[in-house]
Amino acid sequence: MPTKIEKDVISGRDTTGHEWDGIRELNTPLPKWWVYVYLATIVWALGMFVLYPAIPLGTRATTGLLGFSSRAQAMAGFQEMNALHATQMQEIGRVSFADIEKNHDLMEVALTAGRITFANNCQPCHGPNGEGRIGYPALDTDVWRWGGSLDAIQQTITHGIRSADPDARNSQMPNFGGDKLLTPAQIEDVADYVMTLYGKAKPGVDTSAGEKLFGDNCAPCHGAKAEGNRDVGAPPLASRVHLYGDSRAAVVAQITHPRMGVMPNWNHRLSPATIKAVALYVHSLGGGE
Amino acid sequence: MNVSHPKPEADVAPPTSLYANRVRVYPKAVDGPVRRVKWLVLVLCLGVYYAVPWLRWNRGPDAPHQAVLLDLWNERFYFFNIELWPQDIWFLTGILVLSAVSLFLVTSLFGRLWCGYSCPQTVWTDLFMLVERKIEGDRNERIRRDRGPLTFDKAWRKVAKHAAWLFIAFWTGGAWVMYYTDAPTFVHDFWTGHASTSGYVFTLLLTATTYLLAGWAREQVCTYMCPWPRFQSAMLDENTFVVTYEAWRGEPRGHGKRLAAAATAAAPLGDCVDCNACVHVCPTGIDIRDGLQLECIGCGLCIDACNHVMAKTGSTPWLITWDTVARQTAKKSGVNPSLGLLRPRTLIYLAVLAIGSIAILTGLMLRSTIGLTVAHDRAPLYALLEDGGVRDGYTLGFVNKTPRAADFELSVVGLPGAKLILSEISPKPETTATVPMPADQLRTLRVLVQAQPDHLVAGRESFDFVLRNRETGAKTTYHALFMGPVSHDR
């Protein structure tokens with residue numbers, strides 16, 4: 001309540017009548033239209049109160065006449081996206097790899113779907129970007145045991161390797177040590193020879209015995225030049241990339257008691273379209289043929 | 001004996017309202033040099049505003065042909081031969097900073113010239129007042145008609161005025177939108193009903209604001225809404241030229257025989273005849289003779305008005321003039337005043353302005369039209385190949401800031417025998433890859449670099465990606481790392 005309205009000597013104007021620790025203020029009246037604009041914004045706010053969710057009621061709020069909800073809006077957006085995604089995935093399942101690669105949008109969807117599916121299902125063994133680890137093949141290099149074309153990758157993912165699927169890729173390396181097919185000394189000789197194939201042999205070691213044993217026992221599957229054979233999943237040995245390591249001990253161990261990994265068949269867990277998407281993604285990692 | 005008791009003034013003062021009715025201002029027409037300069041500035045400003053969206057500029061088949069276009073949707077700004085990308089936004093910041101400093105400089109030198117001449121609020125208000133005068137007549141006629149009853153004459157003039165205002169406002173709102181979209185297309189789409197919703201919304205919104213602010217609010221915007229008048233005093237000092245009433249020769253003001261007779265030789269009447277011509281022409285309705293005020297936008301129309309009167313009374317003109325407090329003090333005591341334009345404040349503003357302008361110009365000149373960014377794969381760092389080769393994966397960002405599509409050439413320097421694989425373009429390893437770049441676009445591609453390094457010190461080797469625009473020859477390099485197994489375990 002204004003208490004003491006005075007006339008200011010210098011300006012000749014009235015003060016507001018309020019006083020704060022001896023400080024008084026000249027009355028500079030606000031234009032009335034400004035006040036009306038202020039009142040209009042209050043009326044506008046009341047309208048928003050009625051139309052939109054506004055008053056909190058514990059765990060809920062008033063719904064408003066328009067029934068608007070940001071959650072519903074977001075869900076509608078998701079549904080729209082899911083519908084679009086579904087048709088695109090259908091398309092990916094229907095058309096050939098070549099057609100997908102020609103369609104930029106479809107390719108983008110496929111690579112994204114493939115990347116996410118890979119992260120959820122394949123990453124635990126093959127690594128976050130398919131770099132592999134001992135016993136689990138790298139997918140970003142040019143060494144493929146069963147083939148690196150899109151069709152071959154699709155086949156491997158669908159039916160798996162040494163899995164329960166009747167169409168699984170299947171092969172077995174003889175148990176040279178366990179079944180006494182080769183003596184430990186012979187195995188050492190073979191290992192010495194194999195190490196010359198990728199330039200890790202110790203110089204001055206005679207490998208002629210090992211070479212002969214290799215020709216008799218290993219070449220039928222791994223090839224005379226140790227170039228590998230994809231029909232039986234025999235990896236190239238004349239290679240810098242080795243599934244179970246390239247040290248002498250690792251080679252000896254593999255010949256004595258071969259380890260043979262299993263990859264599950266994914267046809268009972270992933271749809272054919274998703275498998276195609278994963279194949280496209282794996283193919284794009286760098287090693288695709 | 002009557003003893004008069006002086007009443008304590010404070011106790012009887014009637015309670016004043018904190019709210020006031022708006023005092024309607026009826027500015028009178030005036031002519032003179034100041035007014036003519038103001039008309040010239042108005043025509044220039046409006047001409048630039050309405051015409052610029054229609055200027056065409058040939059940028060070839062792949063880019064828009066509008067000279068000035070703020071293409072928000074595609075994130076490109078075009079100013080004649082300059083094209084700005086979102087990462088060039090600092091130019092805009094710089095220009096805003098320079099505008100602010102220019103405003104400071106001009107204000108510290110000549111007062112509120114911006115407010116009085118080139119502020120859109122002033123320009124459009126001036127235009128709307130011109131329309132008002134053409135339809136409703138000058139000050140006295142308007143006052144008389146507004147006070148009078150509603151007649152047919154009053155009604156049609158009011159309707160005509162508001163129609164004209166709305167037309168100008170509509171054209172103003174439309175022109176604004178034309179800066180953001182192709183002008184001829186927008187006009188065509190607007191009238192055929194095919195323009196975007198935001199195009200219609202913003203046209204109508206800006207029509208409404210122009211009509212309200214220039215037609216109805218006018219000086220209320222400057223006095224109550226705009227922050228600039230509030231802090232202008234920080235830029236003014238005793239050497240700033242502002243619209244000034246030479247009180248030392250104007251006072252005591254007055255006219256008429258009685259006052260002239262009362263004046264004595266020792267105290268003659270001043271040059272001001274108190275005709276209020278300066279008050280009647282003022283667009284904000286103030287009396288400049290009260291001194292510099294918050295409401296004064298520095299337009300100087302009162303100068304023209306007063307000069308007419310001074311010519312009639314035979315007194316020295318420019319009783320109201322542009323002058324500084326320092327010069328007025330000097331003139332008052334008969335000393336020849338100096339200009340005082342160069343002082344620390346203006347010199348500092350000038351220096352900031354010069355440095356800022358040079359920085360921005362240099363930035364514009366050295367701006368590259370080609371860009372390359374390189375990100376090495378986080379994991380795996382490299383892939384070992386069957387033949388002992390090493391392959392690294394990179395994500396490269398290519399930028400073509402020219403309005404023409406061109407073939408870019410990517411090569412590697414410092415990595416002997418290196419081959420590039422851009423599988424999205426060609427699966428074949430190449431020493432020099434060709435990347436077709438669309439006009440004005442950014443392209444992200446995965447690039448594999450394959451090499452047979454003889455040795456990798458600590459498992460890495462540095463090299464350069466070199467990118468060249470085959471059409472323009474513009475070139476850029478990016479220093480990158482090639483990683484592989486450390487030598488001893490090869």
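In which loop of chain B is Pro380(B) found?

Modeller: Pro380(B) sits in the loop between strand 7 (370–376) and strand 8 (383–384) of chain B. Helices (H or I, at least four residues) and strands (E, at least two) are DSSP runs, numbered from the N terminus. The peptide bond between Ala379(B) and Pro380(B) is cis, with omega about -5 degrees.

Before going further, a word on the basis. This is a predicted model, in which local features need pLDDT of at least 70 and side-chain atom pairs count only at pLDDT 80 or more, while totals for chains, interfaces and linings use all residues. Residues are numbered from 1 along each chain as its sequence is written, and chains are lettered from A and ligands numbered from 1 in the order in which they are written.

Chain B has a cis bond between Glu251(B) and Pro252(B) too, with omega about -10 degrees. Pro252(B) also lies in a loop, between helix 12 (247–250) and helix 13 (257–262) of chain B.

Trp318(B) is in the loop between helix 15 and strand 6 of chain B. Its phi is positive, about 60 degrees, although Trp318(B) is not a glycine. Trp318(B) has 14 other C-beta atoms within 10 Å, so it is partly exposed. The cut-offs are these: buried means 20 or more other C-beta atoms within 10 Å, exposed means 12 or fewer, and partly exposed is in between, with C-beta atoms placed from the backbone.

Helix 15 (residues 301–313) of chain B has 13 residues. Gly314(B) follows helix 15 of chain B, and its phi is positive, near 80 degrees.

Now chain A and the boundary. In all, 29 residues of chain A are in contact with 26 residues of chain B (contact: C-beta atoms, placed from the backbone, within 7 Å). Strand 3 (30–31) and helix 1 (32–51) of chain A each supply at least two residues of the side that touches chain B. Helix 1 of chain A gives the most, four residues. That side of chain A divides into 13 nonpolar, seven polar and nine charged residues (nonpolar: Ala, Val, Leu, Ile, Met, Phe, Trp, Tyr, Cys and Pro; charged: Asp, Glu, Lys and Arg; polar: the others, Gly among them).

Strands cross the boundary too. Strand 3 of chain A and strand 1 (residues 19–20) of chain B run parallel, joined by two bridges; two strands pair if DSSP finds at least two bridges between them. Leu30(A) has Tyr19(B) as its bridge partner. Within chain A, strand 1 and strand 2 (residues 23–26) run antiparallel, joined by three bridges. There Thr15(A) is the bridge partner of Leu26(A). These two strands form a hairpin with two residues between them, and Asp21(A) in the turn has a positive phi of about 50 degrees.

The packing also involves both chains. The largest nonpolar core has 50 residues, and Val278(A), Ala279(A) and Val449(B) touch the most other members. Such a core is a set of buried Ala, Val, Leu, Ile, Met, Phe, Trp, Tyr and Cys residues joined through C-beta atoms within 7 Å. Helix 11 (residues 272–284) of chain A gives the largest share of this core, seven residues. A second, separate core of 29 residues includes Cys115(B), Val273(B), Ala277(B) and Val281(B). Leaving aside neighbours within four places in sequence, Ala279(A) is in contact with Leu150(A), Ile153(A), Gln154(A) and Ile157(A).

Last, confidence in chain A. The mean pLDDT (the predictor's confidence in each residue, from 0 to 100) of chain A is 91, and 99% of its residues reach 70 or more. Within chain A, strand 1 (residues 15–20) is lowest, at a mean of 83, and helix 6 (residues 150–159) highest, at 96.

Technical notes:
Two residues are in contact if their C-beta atoms, placed from the backbone, lie within 7 Å. The expected span of a helix is 1.5 Å times one less than its number of residues.
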